[in-house]
Amino acid sequence: TRGMTVDTQEYHPEPRVAAIVASHEHPEFIVNVKETGKILLVDYSNLDALSVTTLEAARFLHDGGWDSTHRYFLTAANQSDKIAVVDSKDRNIEALVDVTKIPHPGRGANLTDPEFGPVWVTSALGNENVTFIGTDPEGHPQHAWKVVRTLSAQGGGSLFVKTHPKSRNLWIDNTLNPQESVSQSVAVYNIDDLGAGYEVLPIAEWADVGEGPARVVQPEFNAGGDEVWFSVWNGMEQVSAIVVVDDKTRTLKHVIKDPRLVTPTGKFNEG
(Lines give C-alpha, C1' and ligand atoms only; values in the text may rest on other atoms or scores of the structure.)
Protein backbone atom coordinates (compact mmCIF):
# COMPACT_ATOMS: atom_id res chain seq x y z
CA THR A 1 0.00 0.00 0.00
CA ARG A 2 2.96 2.37 0.34
CA GLY A 3 3.06 5.18 -2.17
CA MET A 4 2.29 8.80 -2.93
CA THR A 5 -0.72 10.70 -1.62
CA VAL A 6 -3.28 11.68 -4.26
CA ASP A 7 -3.22 15.42 -3.54
CA THR A 8 0.14 16.60 -2.20
CA GLN A 9 2.17 13.80 -3.82
CA GLU A 10 4.00 13.07 -0.57
CA TYR A 11 5.42 9.61 -0.03
CA HIS A 12 3.73 7.57 2.71
CA PRO A 13 5.73 4.54 3.90
CA GLU A 14 2.96 2.64 5.69
CA PRO A 15 -0.61 3.70 4.88
CA ARG A 16 -3.36 1.64 6.44
CA VAL A 17 -6.06 -0.42 4.72
CA ALA A 18 -9.39 1.04 5.88
CA ALA A 19 -11.83 -1.24 4.06
CA ILE A 20 -11.94 -4.28 1.78
CA VAL A 21 -14.99 -5.43 -0.18
CA ALA A 22 -15.42 -8.10 -2.84
CA SER A 23 -16.65 -7.00 -6.26
CA HIS A 24 -19.93 -8.44 -7.57
CA GLU A 25 -18.76 -7.83 -11.15
CA HIS A 26 -15.21 -9.21 -11.34
CA PRO A 27 -12.95 -11.58 -9.38
CA GLU A 28 -11.34 -8.79 -7.41
CA PHE A 29 -11.22 -7.00 -4.12
CA ILE A 30 -11.75 -3.25 -3.74
CA VAL A 31 -9.25 -1.98 -1.17
CA ASN A 32 -9.32 1.47 0.46
CA VAL A 33 -5.87 2.80 1.34
CA LYS A 34 -6.57 5.36 4.01
CA GLU A 35 -3.73 7.89 4.10
CA THR A 36 -2.89 7.98 0.39
CA GLY A 37 -6.50 8.28 -0.77
CA LYS A 38 -6.03 5.53 -3.34
CA ILE A 39 -8.36 2.62 -4.07
CA LEU A 40 -6.81 -0.63 -5.24
CA LEU A 41 -8.63 -3.12 -7.46
CA VAL A 42 -6.91 -6.43 -6.69
CA ASP A 43 -7.62 -9.08 -9.34
CA TYR A 44 -7.31 -12.50 -7.68
CA SER A 45 -8.18 -14.60 -10.73
CA ASN A 46 -4.54 -15.75 -10.79
CA LEU A 47 -3.19 -16.06 -7.27
CA ASP A 48 0.31 -16.64 -8.60
CA ALA A 49 0.30 -13.31 -10.44
CA LEU A 50 -1.98 -10.78 -8.75
CA SER A 51 -2.93 -7.78 -10.86
CA VAL A 52 -3.52 -4.47 -9.09
CA THR A 53 -5.19 -1.40 -10.64
CA THR A 54 -4.86 1.87 -8.72
CA LEU A 55 -7.63 4.47 -8.70
CA GLU A 56 -7.13 7.95 -7.28
CA ALA A 57 -9.90 9.11 -4.95
CA ALA A 58 -9.32 11.43 -1.96
CA ARG A 59 -7.88 11.33 1.54
CA PHE A 60 -8.53 9.91 4.09
CA LEU A 61 -10.48 6.88 2.93
CA HIS A 62 -12.58 5.06 5.49
CA ASP A 63 -15.50 2.67 5.17
CA GLY A 64 -18.41 2.53 2.74
CA GLY A 65 -21.05 0.33 1.15
CA TRP A 66 -22.78 -0.75 -2.04
CA ASP A 67 -25.62 0.97 -3.81
CA SER A 68 -28.80 -1.09 -4.19
CA THR A 69 -27.62 -2.65 -7.48
CA HIS A 70 -24.26 -3.77 -6.04
CA ARG A 71 -22.48 -2.15 -8.98
CA TYR A 72 -21.32 1.05 -7.29
CA PHE A 73 -19.26 1.16 -4.11
CA LEU A 74 -19.65 4.45 -2.21
CA THR A 75 -16.96 5.18 0.34
CA ALA A 76 -16.08 8.07 2.62
CA ALA A 77 -12.95 10.15 2.23
CA ASN A 78 -13.76 11.66 5.57
CA GLN A 79 -11.06 14.31 6.00
CA SER A 80 -11.66 15.52 2.44
CA ASP A 81 -15.42 15.73 3.05
CA LYS A 82 -16.13 13.62 -0.03
CA ILE A 83 -17.82 10.38 -1.01
CA ALA A 84 -15.93 8.46 -3.68
CA VAL A 85 -18.06 6.39 -6.04
CA VAL A 86 -16.37 3.35 -7.57
CA ASP A 87 -17.96 1.73 -10.64
CA SER A 88 -17.01 -1.89 -10.00
CA LYS A 89 -18.19 -2.98 -13.46
CA ASP A 90 -16.17 -0.45 -15.50
CA ARG A 91 -13.44 -0.36 -12.82
CA ASN A 92 -13.11 3.40 -12.46
CA ILE A 93 -13.98 6.32 -10.23
CA GLU A 94 -17.47 7.35 -11.29
CA ALA A 95 -17.66 10.48 -9.12
CA LEU A 96 -16.32 12.36 -6.12
CA VAL A 97 -19.29 13.86 -4.30
CA ASP A 98 -18.81 16.81 -1.93
CA VAL A 99 -20.51 16.39 1.45
CA THR A 100 -20.13 17.90 4.96
CA LYS A 101 -18.57 17.29 7.43
CA ILE A 102 -16.44 14.19 8.08
CA PRO A 103 -18.86 11.68 6.55
CA HIS A 104 -19.04 8.34 8.36
CA PRO A 105 -21.48 6.02 6.61
CA GLY A 106 -20.58 2.60 7.94
CA ARG A 107 -22.06 0.73 4.99
CA GLY A 108 -24.53 3.54 4.41
CA ALA A 109 -28.23 2.99 3.75
CA ASN A 110 -30.07 2.42 0.47
CA LEU A 111 -33.65 3.55 0.06
CA THR A 112 -36.02 4.97 -2.54
CA ASP A 113 -36.55 8.65 -1.87
CA PRO A 114 -40.18 9.70 -2.53
CA GLU A 115 -38.97 12.58 -4.72
CA PHE A 116 -35.51 11.62 -6.04
CA GLY A 117 -35.65 7.86 -6.51
CA PRO A 118 -32.90 5.45 -5.39
CA VAL A 119 -30.41 7.05 -3.01
CA TRP A 120 -27.57 6.08 -0.70
CA VAL A 121 -27.41 7.78 2.68
CA THR A 122 -24.56 8.75 4.99
CA SER A 123 -24.44 10.54 8.32
CA ALA A 124 -21.47 12.48 9.66
CA LEU A 125 -19.10 12.86 12.57
CA GLY A 126 -18.54 16.58 12.11
CA ASN A 127 -22.11 17.91 11.97
CA GLU A 128 -25.76 16.88 12.11
CA ASN A 129 -26.15 16.33 8.35
CA VAL A 130 -27.71 13.16 6.98
CA THR A 131 -26.87 13.28 3.28
CA PHE A 132 -28.83 11.58 0.45
CA ILE A 133 -26.92 10.91 -2.79
CA GLY A 134 -28.72 9.85 -5.98
CA THR A 135 -27.54 6.42 -7.24
CA ASP A 136 -29.62 5.72 -10.34
CA PRO A 137 -27.81 7.02 -13.45
CA GLU A 138 -30.17 5.16 -15.78
CA GLY A 139 -33.58 5.87 -14.24
CA HIS A 140 -32.83 9.25 -12.64
CA PRO A 141 -29.75 10.60 -14.45
CA GLN A 142 -30.42 14.18 -13.34
CA HIS A 143 -29.89 13.16 -9.71
CA ALA A 144 -27.07 10.62 -10.11
CA TRP A 145 -24.02 11.23 -7.90
CA LYS A 146 -25.45 14.47 -6.55
CA VAL A 147 -26.57 15.42 -3.05
CA VAL A 148 -30.35 15.53 -3.47
CA ARG A 149 -31.49 15.89 0.12
CA THR A 150 -29.97 16.78 3.50
CA LEU A 151 -31.75 15.96 6.73
CA SER A 152 -30.66 16.64 10.30
CA ALA A 153 -29.74 14.06 12.92
CA GLN A 154 -29.76 14.99 16.62
CA GLY A 155 -26.26 16.40 16.17
CA GLY A 156 -22.78 15.37 15.09
CA GLY A 157 -20.92 12.28 16.19
CA SER A 158 -22.94 9.81 14.12
CA LEU A 159 -21.29 6.55 13.07
CA PHE A 160 -24.05 4.55 11.35
CA VAL A 161 -27.31 4.88 9.45
CA LYS A 162 -29.49 1.91 8.64
CA THR A 163 -32.66 0.80 6.88
CA HIS A 164 -33.92 -2.42 5.28
CA PRO A 165 -35.88 -3.24 2.09
CA LYS A 166 -38.85 -4.26 4.28
CA SER A 167 -38.62 -1.19 6.52
CA ARG A 168 -40.08 2.28 6.14
CA ASN A 169 -37.70 3.67 8.77
CA LEU A 170 -34.27 5.29 8.59
CA TRP A 171 -32.33 4.84 11.84
CA ILE A 172 -29.43 7.15 12.88
CA ASP A 173 -27.12 6.82 15.86
CA ASN A 174 -25.08 9.66 17.42
CA THR A 175 -22.56 7.57 19.32
CA LEU A 176 -19.78 10.14 19.67
CA ASN A 177 -21.92 13.19 20.37
CA PRO A 178 -20.72 14.92 23.57
CA GLN A 179 -24.26 15.36 24.88
CA GLU A 180 -25.26 12.30 26.90
CA SER A 181 -28.95 12.45 26.02
CA VAL A 182 -27.99 12.35 22.32
CA SER A 183 -25.29 9.65 22.44
CA GLN A 184 -27.60 7.41 24.48
CA SER A 185 -30.53 7.62 22.07
CA VAL A 186 -31.30 7.22 18.36
CA ALA A 187 -33.26 9.22 15.80
CA VAL A 188 -35.62 7.56 13.35
CA TYR A 189 -37.24 9.04 10.24
CA ASN A 190 -40.29 7.80 8.36
CA ILE A 191 -39.02 7.29 4.79
CA ASP A 192 -42.49 8.04 3.40
CA ASP A 193 -42.67 11.38 5.22
CA LEU A 194 -39.11 12.65 5.59
CA GLY A 195 -40.25 16.22 6.08
CA ALA A 196 -42.04 15.33 9.30
CA GLY A 197 -38.80 15.18 11.28
CA TYR A 198 -37.44 12.42 13.45
CA GLU A 199 -38.58 10.58 16.56
CA VAL A 200 -36.07 9.98 19.37
CA LEU A 201 -35.97 6.62 21.14
CA PRO A 202 -34.19 6.33 24.55
CA ILE A 203 -32.27 3.14 23.84
CA ALA A 204 -29.81 3.37 26.77
CA GLU A 205 -32.64 4.14 29.18
CA TRP A 206 -34.42 1.02 27.99
CA ALA A 207 -31.23 -0.99 28.47
CA ASP A 208 -30.92 0.11 32.13
CA VAL A 209 -27.21 -0.73 32.32
CA GLY A 210 -26.41 1.50 35.27
CA GLU A 211 -23.34 3.74 35.40
CA GLY A 212 -21.15 4.43 32.40
CA PRO A 213 -21.28 6.30 29.09
CA ALA A 214 -23.78 3.78 27.63
CA ARG A 215 -23.27 5.02 24.08
CA VAL A 216 -25.73 3.62 21.55
CA VAL A 217 -24.08 2.39 18.36
CA GLN A 218 -24.65 0.59 15.06
CA PRO A 219 -28.28 -0.26 14.35
CA GLU A 220 -28.52 -3.58 12.50
CA PHE A 221 -31.58 -5.42 11.24
CA ASN A 222 -32.31 -9.07 11.88
CA ALA A 223 -32.56 -11.33 8.84
CA GLY A 224 -36.33 -10.92 8.68
CA GLY A 225 -36.12 -7.14 8.56
CA ASP A 226 -38.64 -6.58 11.36
CA GLU A 227 -36.28 -5.95 14.27
CA VAL A 228 -33.46 -3.42 14.77
CA TRP A 229 -30.66 -4.36 17.16
CA PHE A 230 -28.65 -1.65 18.93
CA SER A 231 -25.45 -2.00 20.94
CA VAL A 232 -25.25 -0.11 24.23
CA TRP A 233 -21.52 0.42 24.47
CA ASN A 234 -20.17 0.78 28.00
CA GLY A 235 -16.75 0.53 29.63
CA MET A 236 -14.79 -2.71 29.99
CA GLU A 237 -15.78 -3.10 33.64
CA GLN A 238 -19.35 -1.85 33.18
CA VAL A 239 -22.56 -3.48 32.01
CA SER A 240 -23.26 -3.36 28.27
CA ALA A 241 -26.30 -4.63 26.41
CA ILE A 242 -28.02 -5.31 23.10
CA VAL A 243 -31.42 -3.65 22.73
CA VAL A 244 -33.92 -5.12 20.25
CA VAL A 245 -36.57 -2.77 18.87
CA ASP A 246 -39.64 -3.61 16.80
CA ASP A 247 -39.06 -1.75 13.54
CA LYS A 248 -42.74 -1.26 12.70
CA THR A 249 -43.95 -0.01 16.09
CA ARG A 250 -40.61 1.45 17.27
CA THR A 251 -41.14 -0.17 20.66
CA LEU A 252 -38.84 -2.19 22.90
CA LYS A 253 -38.90 -5.97 22.38
CA HIS A 254 -35.90 -7.33 24.30
CA VAL A 255 -32.83 -6.33 26.27
CA ILE A 256 -29.94 -8.81 26.10
CA LYS A 257 -27.35 -8.71 28.89
CA ASP A 258 -24.55 -11.17 29.48
CA PRO A 259 -21.09 -11.02 31.08
CA ARG A 260 -19.68 -11.96 27.66
CA LEU A 261 -21.12 -8.76 26.13
CA VAL A 262 -18.14 -6.43 26.60
CA THR A 263 -18.24 -3.13 24.67
CA PRO A 264 -20.40 -4.61 21.85
CA THR A 265 -20.52 -2.86 18.48
CA GLY A 266 -21.34 -4.67 15.21
CA LYS A 267 -23.97 -7.40 14.93
CA PHE A 268 -24.29 -9.67 11.90
CA ASN A 269 -26.74 -12.30 10.64
CA GLU A 270 -25.43 -15.79 9.89
CA GLY A 271 -26.91 -18.82 8.23
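This note comments on backbone geometry and salt bridges in the structure.

1. The model is predicted, so that local features need pLDDT of at least 70, side-chain atom pairs count only at pLDDT 80 or more, and totals for chains, interfaces and linings use all residues. Residues are numbered from 1 along each chain as its sequence is written, and side-chain values use heavy atoms, with hydrogens and water left out.

2. Arg59 and Phe60 are joined by a cis peptide bond with omega of about -20°. Phe60 sits in the loop between strands S6 (51-56) and S7 (61-66); strands (E, at least two residues) are DSSP runs, numbered from the N terminus.

3. A cis peptide bond also leads from Thr100 to Lys101, with omega near -25°. Lys101 belongs to the loop between S10 (92-98) and S11 (109-113). Ile102 lies in the loop between S10 and S11 and, although not a glycine, has a positive phi of about 55°.

4. Trp145 has a positive phi near 60° and is placed between S13 (129-134) and S14 (147-152) in a loop. Its relative accessible area of 12% makes Trp145 buried (under 20%; exposed is over 50%, partly exposed in between, with a 1.4 Å probe and protein chains only).

5. The whole structure contains 14 salt bridges, each a side-chain nitrogen of Lys or Arg within 4 Å of a carboxyl oxygen of Asp or Glu. One of them pairs Arg168 with Asp192 at 2.8 Å, N to O. Because Arg168 is in the S15–S16 loop and Asp192 in the S17–S18 loop, the pair ties together parts 24 residues apart in sequence.

Definitions and conventions
Helix = DSSP H or I, 4+ residues; strand = E, 2+ residues; numbered from the N terminus.
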